[in-house]
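Take a look at the sequence and the structure below. Then read on with the model open beside you.

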Protein chains: 2
Amino acid sequence: MKLDKSMKILIVGLGLMGGSYAAALTREGYCVSAVSDDRDSVEYALKKGIIKNGAWTVDEKIVSEADVVIFALYPHTFIEWVREHGNLIKTGAVVTDVTGVKCGIVDRIQELLKPGAEFIAAHPMAGREVCGVRNSDPDIFKGANYIIVPTGKNTPGAIELCRNLGEILGFERITELSPKKHDEMVAFVSQLTHCIAVSLMCACDDPELVRYTGDSFRDLTRIANINDVMWSELFLTNRVSLLEEMDRYRSSFDKLYGYIKTGDREGIREMMRISSARRKNFDIKG
Amino acid sequence: MKLDKSMKILIVGLGLMGGSYAAALTREGYCVSAVSDDRDSVEYALKKGIIKNGAWTVDEKIVSEADVVIFALYPHTFIEWVREHGNLIKTGAVVTDVTGVKCGIVDRIQELLKPGAEFIAAHPMAGREVCGVRNSDPDIFKGANYIIVPTGKNTPGAIELCRNLGEILGFERITELSPKKHDEMVAFVSQLTHCIAVSLMCACDDPELVRYTGDSFRDLTRIANINDVMWSELFLTNRVSLLEEMDRYRSSFDKLYGYIKTGDREGIREMMRISSARRKNFDIKG
């Protein structure tokens, strides 16, 4: 099953991600509508031509006509929305999302939707340090990873449609992971890095430091400017995996600390050699 | 006192930094010589016209003629060189360096040099994840910080010459710090960030991860590809300050860990708000 241009696509939620999905799909010639509880965002998207139809209430007509529904909400809002309005989604519709955590979300959404509407989860690993539809950008997905997160309940047709959506949006690499594997991976490569950057910025309040920082500090802390509402929810939703990865990282940090404290030059060098060898693999696009 | 083009400049050590100093000064029309124990590096620099004269032994004539001597060696090699050959440096010469740690270095060099030759320490906060004269680049200093590290023994004339050298090399911001303040600052903004990146890379050996990383992980670990000989020496030379900064960062990380573990959403959000506010200051060029 592929996305075709006669299909009606609905986006629920018009923040940075919802807006960027809308802008990219509209640019490719698809028919995109949106509902959001923020009137200003809907009016902005209509004015800019990012969407064809929009409403700042849950418009029954717009929702029930959609062939593909894409949720771009925070996890708890996503679940609430489907619980309250999911029955409006028509039989045969394919539903997907952008949520950054999957365990505890995918199963519940699949349970809440009425039979006949299929939820296939996805995670576009793209973002910016800014929020809202006014910062949306159809090119945000270029070079990025798109992860499809199927369960045993998904059909090959819906998985194929979801993959096709990722291709149309311009993602560089599209892969599939189980909800559990996805959440473990995200805990390490994304959530842990944000924890590190936030902790580092909170460790020192000397405003003079900015005068001495090099690129290394600037690059490492770029993500320390963070949407606290969204990320605190993502951290807590994925708490178990995140704490495991934080433990693993702290053991490694403590090992290096021990080598420095005891003056074990060879121990330090060995960690640096491992680190360098592994990091080199990341420069080769896989 | 300013650098003038009749002065003979000698660079001791032809790695990435020595080579980049040589290339930048030669491009600006200064007369640059170099000595290094690596014959290949000297021959390469001569062939490329980065230096005018060079030797792979400690050539008495080249050393004794120099008006300005710039040391681009690792800390312990720098001290050894000055102990063994420092007497060749002529009276009236100004000596400077590129060493990334200052306590325990600056005082010793000032003691070892014969009266009449003045050592004024400097730290060019620029670098690359590559080594050697073959990677040298006269543009490496653009937009970077240059720190002059004077002691009570330095004269205004030598400090001025050192500042002028930083200007000629193209540094964006030139400041002065005491050796102690310098080492504390470097422990936090440079050494700690390298410790974090190395620890993170050592925390996980799953080569599949590269398939899922986003920009945040890539940016944070760029410096995890590290020269283990140089950085292990810098870490150990600045051990006391570095361990203090590692402790401070770990307390902050542990605080965030505790909030996540107990589900304290407000605690997490407060750290993220502090982090975001502080990080925004780093985007404003000061």
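Chain A has an average pLDDT of 94, and 99% of the residues score at least 70. Keep one general rule in mind: where pLDDT is low, predicted coordinates should not be read in detail.

Now find the sheet in chain A. Six strands build an open sheet, and their order is S3-S2-S1-S4-S5-S6. The pairing is parallel. Which strands sit at the edges? They are S3 (53-55) and S6 (118-119) of chain A, and each of them pairs on one side only. In general, strands of a sheet pair through backbone hydrogen bonds, either parallel or antiparallel. Zoom in on one pair. Strand S2 of chain A covers residues 31-35, and three bridges join S2(A) to S3(A). These two strands run parallel. Here Val35(A) stands opposite Ala55(A), a residue of S3(A).

Next, turn to the place where the chains meet. How many residues of chain B are in contact with chain A? There are 78, and they touch 78 residues of chain A. The area buried between chain B and chain A is about 8,400 Å². Carbon and sulfur atoms give 67% of that area.

Between chain B and chain A, the count is eight salt bridges. One salt bridge links Asp254(A) with Arg250(B), and their closest N and O atoms are 2.4 Å apart.

Which elements of chain B supply the side that touches chain A? Those giving two or more residues include strands S8 (145-149) and S9 (173-176) of chain B, along with helices such as H7 (179-202) and H11 (265-283) of chain B. H10(B) gives the most, with 16 residues. By type, the residues on this side of chain B divide into 41 nonpolar, 16 polar and 21 charged.

Finish with one residue in chain B. Asn227(B) lies in the loop between H8 and H9 of chain B. The side chain of Asn227(B) reaches the backbone nitrogen of Met230(B) at 3.1 Å. Leaving out residues up to four places away in sequence, Asn227(B) touches Tyr74(B) and Cys131(B).

Methods
Residues numbered from 1 in each chain as written. Chains lettered and ligands numbered in written order. Predicted model: local features only at pLDDT ≥ 70, side-chain atom pairs only at ≥ 80, totals over all residues. Heavy atoms only, no water. Contact = heavy atoms within 4.5 Å. Buried area = accessible area lost by both parts, 1.4 Å probe. Salt bridge = Lys/Arg side-chain N within 4 Å of Asp/Glu carboxyl O. Helix = DSSP H or I, 4+ residues; strand = E, 2+ residues; numbered from the N terminus. Nonpolar A, V, L, I, M, F, W, Y, C, P; charged D, E, K, R; others polar. pLDDT = per-residue confidence, 0-100. Pairing = 2+ DSSP bridges. Polar contact = N/O pair within 3.5 Å; in protein donor to acceptor, adjacent residues only side chain to side chain.
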